Amino acid sequence: MRKRYNIQMNPKRLTKEDIAKHKDFNALYSKFQSLPKDRTPTYRRLSFWIAAAAAAAAMLLLYVGVNSSGTGNYEKRMAS
């Protein structure tokens, strides 16, 4: 396996021209404007709300199922 490391102990110093070459904000901004727009945020999609409603319904059914399993026998449990 070939090692592809390029560790430079004393790298070449940057000149003012090298630094100025990368300071072009207008070019950066135009490149940003040309990028495709993102999709709508996750919380605004219909599928997100359907999944959230299904999860809430499942949690509600689980809560009701766990808490109502012994309500009819409360008096019998307390008598013994």
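Guide: Accessible areas come from the Shrake-Rupley method with a 1.4 Å probe; for residues, only the protein chains shown count as cover. Here the protein exposes about 8700 Å², of which carbon and sulfur atoms supply 62%. This is a predicted model, in which local features need pLDDT of at least 70 and side-chain atom pairs count only at pLDDT 80 or more, while totals for chains, interfaces and linings use all residues. Residues are numbered from 1 along each chain as its sequence is written, and side-chain values use heavy atoms, with hydrogens and water left out.

Visitor: What percentage of the residues is buried?

Guide: Buried means under 20% relative accessible area, exposed over 50%, and partly exposed in between. Of the 80 residues in the protein, buried ones make up 0%.

Visitor: How many helices and strands are there?

Guide: Helices (H or I, at least four residues) and strands (E, at least two) are DSSP runs, numbered from the N terminus. The protein has four helices and zero strands, giving the pattern α-α-α-α along the sequence.

Visitor: How many aromatic pairs does the structure hold?

Guide: Rings of Phe, Tyr and Trp (its six-membered ring) pair if their centres lie within 6.5 Å; planes under 30 degrees apart count as stacked, over 60 as edge-to-face and the rest as tilted. The structure holds three such pairs. One of them, Phe25 and Tyr29, is stacked, at 6.1 Å centre to centre and 20 degrees between the planes. These two residues lie four apart in helix 2 (residues 25-34), so about one helical turn separates them. Phe25 is exposed at 56%, whereas Tyr29 is partly exposed at 44%.

Methods. Buried means under 20% relative accessible area, exposed over 50%, partly exposed in between (1.4 Å probe, protein chains only).
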